[in-house]
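Please examine the sequence and the model shown here before reading the report.

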Amino acid sequence: MASDGVVVFQLKVWKTLEADVLFHNGDKTHSVDEQKRLAMLQLVKYLQYKFYTDGVANNNYKKKTRTMMDLNEAMAVLNLNISVKFALGVSLFANAILSLGTERHLPLYEAAWRGEYVWIVTVVCLLQIFSCVALTEVGHGSNTKKMRTTATYDPCTHEFVVHTPDFQAAKCWIGNLGKTCTYALLFAQLYTADGTCHGLHGFVTPIRDPKTLLPFPGIIVGDMGEKTGLNGIDNGFIIFQQYRIPRESLLNRLSDVTLDGEYETMFTTPEQQLGAALENLSAARVGIMGEGTNACCSAVAIAVRYAAVRKQFGPSADSELPILEYQLHQWRLFPYMAATCALKVFVADFTDQYLECVERSNSGESIEDLPASVSEIHAMVSSTKPLVTWTCRDTIQECREACGGHGFLKGFLALYLFDICVPSSGLGDLRNNFDASVTYEGDNNVLVQQTSNWLLRQWARVLDGSEVASPYHTVNFLADSADILKKKFRGQDVTNNEFILDAYQWLVCWLLRETHHRLMASQELGEDRFTARNNAQVFRARTLSLVYAENNALTYFWRRCNSRELDGRVKAVLTKLHSLYGLWCLDKHLSTFYQGGYATGSTLADLVKEGILQMCSQLKSEAVGVADALAPPDFVLNSVIGKSDGKLYDNLQAQFFHNSGAMERPTWWSEIAPKPLSKL
C-alpha cells in the first residue's frame with residue numbers, strides 16, 4: 001500500500017537493524033528496569049545510524065517530516081517502545097520548537113533532530129537534547145484549560161519561576177521523564193508579575209544534568225513504575241519547587257513577554273492561545289494513526305498466514321481443511337483485513353494533506369482558506385485517531401483469538417550461533433503495547449467531541465444558506481442534504497461501491513440533523529450549552545464523528561481504487577476490499593438506517609449481511625496475497641506462527657525444543673518432591 005520509495009527506505013532500516021544484535025530480543029521477559037535500559041540503548045544506537053539525515057538536510061518541512069514519519073512507522077512495527085521514545089524524545093519536541101519557537105530556539109531544534117549536544121548560553125552549560133512533552137497532570141488530562149502548573153515571570157531577574165502548587169498539579173504519565181530526559185517541553189499557565197494569567201504556554205525546560213542524569217535543584221522527578229505494556233518507556237512524574245528558567249525558554253512565536261514583563265500576543269483570547277499551543281499535538285496523533293495501521297498489518301498478516309496452514313476438521317474422516325476455508329473464520333478476519341487496507345491508504349494520503357497544511361501555516365503567508373483548512377484538518381485528526389486506534393485494538397484481539405492457543409505464545413528465543421531465531425506469536429506484545437494508544441495524545445471519547453463540534457458548525461452554515469467551510473471537501477455534500485435525506489433504499493446491489501458511499505452520505509446528514517435537533521430541544525428546555533452537549537453525545541454526536549471518519553476512509557480508499565496507476569488485477573482486489581469494509585461498517589449502523597426511515601422491512605439488513613459473506617468468499621483465494629503485501633519482513637514481524645515460509649509446525653517445533661530450559665526439571669524441584677519418611 002505504501003509507495004515504492006517508502007518501501008525501499010523502510011527495508012533499508014529493517015535490514016540494518018536485523019544485522020545488529022542489539023535489536024534482537026533475548027530468551028526471557030526482562031525486568032522493567034532492564035526493559036528501559038535496553039530501549040534506551042537501542043534508541044541511542046538507532047540515532048547513531050542517522051537514517052533520517054537526508055530528511056534533515058532538506059529544508060522542505062513536508063518532505064523532512066514525512067521522512068521522519070516513515071522512519072518512525074518502520075521502527076514502530078519492529079519495536080513500539082523505541083518508536084514512542086523517539087517520537088517523544090526527538091520528533092515531537094523538535095516539531096514543537098519549529099512551530100512555536102523562534103530563531104533563538106533553532107540551536108535546540110537542530111540538536112534535537114541530531115541527538116547531539118548544544119551549548120545553551122542562557123543556562124551556561126552544555127546539554128544533550130533528549131526530551132519529553134509535559135502536559136498531563138495528576139488531576140487533569142483532557143481538560144487542558146484547568147492545568148495548574150504555573151510559570152510566573154520575574155522582571156527583576158528576567159526569569160520564569162515554575163511551580164507546582166500541590167500534588168494534583170504534578171505532571172505525570174510523561175514518557176521519557178521517569179529516568180532519561182534532559183529537557184521537557186513544559187506546558188504551564190503563564191502569569192505576569194501583576195498576577196494576570198495569560199493561559200497555557202510552552203516552555204523548553206532543562207530537567208537533568210546530562211553528565212549525571214540527576215535532576216537540577218528545585219525539581220522532584222520520579223518513575224511511575226510498571227505498566228501493562230510499553231515498559232521500555234520510562235513514564236514519570238515531576239514537581240517543580242519555585243524552579244527558575246530563563247525568559248528565553250518561552251516558545252514565543254505566537255506570544256511573548258518583554259524584558260520588563262509586558263505580555264504581547266497575536267491572539268485576542270486565552271482560548272485561541274491554548275488552541276494554537278496544543279495544535280502541535282496533532283502531529284503526534286497523525287503519527288499514532290500511522291503506527292496503528294502498521295500494527296493492523298502485522299496482526300492480519302500473522303492471522304491469515306496461520307489460517308492458511310492450520311488445518312482442523314473436514315468433510316470426511318480422512319481429510320482436514322485449512323481454517324481459512326471456513327466461512328466463520330473468513331467472517332472473523334477478512335473485514336479486519338479490509339479495514340487495514342482502507343485505513344492504511346486513508347492515513348497515508350491524509351498525512352500528506354496534513355503536512356501541506358502545517359507547512360502553509362508555518363510559512364507565515366496570508367492564505368485565504370488557511371483557517372478553514374486548519375479547522376477541517378483538526379476535525380479529521382480528532383475523529384481518525386479514535387477510528388484507527390479502536391479498529392487496531394479490535395483487529396489485534398480478533399487475530400489473537402483466531403490463532404487459538406498458539407496465538408497466546410509469548411516467549412522469544414534467538415540462537416545466533418546456530419542461526420536460529422524463534423519468536424513468539426507476536427500478537428500478545430502487539431496488543432499490550434498498542435493498547436495505550438486509545439488514551440494517550442487525546443482520549444478517544446474526548447477527541448471525537450471536537451469533530452462533532454466542527455460538523456455542527458458546518459450544519460449551521462447549511463441551515464443559514466451559507467457554503468460549508470470544507471477546503472478538503474469532506475462535507476461538501478451537505479449542500480445537497482435536503483435531497484440526500486429524501487433518499488430511500490430501493491433494493492439495489494449493496495456491494496456496489498457507489499451505493500456504499502451514497503448510503504454513508506445519508507448517514508452523516510441524518511446524524512447531523514438529529515444531533516442538531518437534540519441540542520435545540522435541550523436549549524428550549526432551559527439546559528445550558530454544556531449540559532445540552534453532554535446529553536447529546538450517546539447515540540448522536542459520538543456516533544456522528546465516527547461515521548464521518550468512516551466516510552472519509554471509504555472516500556479516500558475509493559479514490560485510490562480508481563487510480564490510473566493501478567494494475568487491473570490489483571484494482572479488482574482493492575475494489576472487493578472496499579466493498580467489504582463498507583458493508584462491514586454499514587452493518588454496525590443498520591439500526592440507524594431503520595430509525596431514520598431510510599429502509600423498512602428486512603431487505604437492507606439481509607442484503608448487507610449476505611454481501612459481507614459474499615465478499616469474504618470472493619477474497620478467500622486472494623487473502624494470503626493481501627496478507628503478504630501488508631506484512632513486514634519476518635525479522636520485523638517476530639512471529640513463530642506467521643512466518644512467510646509457511647512452515648508453521650517446523651517453526652513451532654523449533655520453539656518448543658529450543659526454548660531455554662524447556663526440557664529441564666525446575667530449579668525448585670526439591671521444594672515439591674516428597675520428603676523421606678523419618679525413621680521411628
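The report that follows moves from the nonpolar cores to single helices, individual residues and aromatic groups.

The model is a predicted one, in which local features need pLDDT of at least 70 and side-chain atom pairs count only at pLDDT 80 or more, while totals for chains, interfaces and linings use all residues. Residues are numbered from 1 along each chain as its sequence is written, and side-chain values use heavy atoms, with hydrogens and water left out.

## Nonpolar cores

A nonpolar core is taken here as a set of buried Ala, Val, Leu, Ile, Met, Phe, Trp, Tyr and Cys residues joined through side-chain atoms within 4.5 Å; buried means under 20% relative accessible area, exposed means over 50%, and partly exposed lies in between, with a 1.4 Å probe and protein chains only. The largest such core holds 116 residues, and within it F350, L577, Y581 and L604 touch the most other members. Helix α9, residues 327-363, supplies the largest share of this core, with 17 residues. Helices (H or I, at least four residues) and strands (E, at least two) are DSSP runs numbered from the N terminus. Another core, of 77 residues, lies apart from the largest one and has A94, A151, V221 and V636 among its members.

Contact, here and below, means heavy atoms within 4.5 Å. When neighbours within four places in sequence are left aside, Y581 is in contact with A338, A339, A342, L343, L387, E550, A553 and L554. In soluble globular proteins, nonpolar side chains tend to be buried together.

Beyond its neighbours within four places in sequence, T340 is in contact with T293, C296, C297, V300, T395 and L630.

S298 is placed in helix α8, residues 281-309, and at 5% relative accessibility S298 is likewise classed as buried. Its contacts, leaving aside neighbours within four places in sequence, are with V77, L430, P632 and L637. Between S298 and K609 there are 311 residues of sequence separation and 27 Å in space, C-alpha to C-alpha.

Where does E376 lie, and which residues does E376 touch? E376 belongs to helix α10, residues 370-402, and is buried, with a relative accessible area of 0%. Not counting residues up to four places away in sequence, E376 touches W454, A469, S470, P471, Y472, H473, T474 and Y548.

## Helix α2 and its end

The expected span of a helix is 1.5 Å times one less than its number of residues. Helix α2, residues 32-49, has 18 residues and should therefore span 26 Å, which agrees with the 26 Å between its end C-alpha atoms. The buried residues in α2 are V32, K36, L38, A39, M40, Q42, L43, Y46 and L47. Just after α2, K50 takes a positive phi of about 50 degrees.

## Other positive phi values and a loop histidine

L213 has a phi near 60 degrees, a positive value in a residue other than glycine. L213 is placed in the loop between β8 (197-206) and β9 (219-223), and at 36% relative accessibility L213 counts as partly exposed. F539, in helix α16 (residues 537-561), has a phi near 70 degrees, again positive in a residue other than glycine, and is exposed, with a relative accessible area of 72%.

H140 is found in the loop between β3 (131-134) and β4 (150-154) and is partly exposed at 22% relative accessible area. Leaving aside neighbours within four places in sequence, H140 is in contact with K146 and M147. The C-alpha atoms of H140 and K620, 480 residues apart along the chain, are separated by 48 Å.

## One aromatic cluster is formed by Y46, Y49, F51 and F86.

The table lists charges over rings, where NZ of Lys or CZ of Arg is within 6 Å of the ring centre and within 35 degrees of the ring normal.

| Charged residue | Ring | Distance to ring centre |
|---|---|---|
| R559 | Y556 | 4.7 Å |
| K588 | W584 | 3.8 Å |

Terms used:
Rings of Phe, Tyr and Trp (its six-membered ring) pair if their centres lie within 6.5 Å; planes under 30 degrees apart count as stacked, over 60 as edge-to-face and the rest as tilted.
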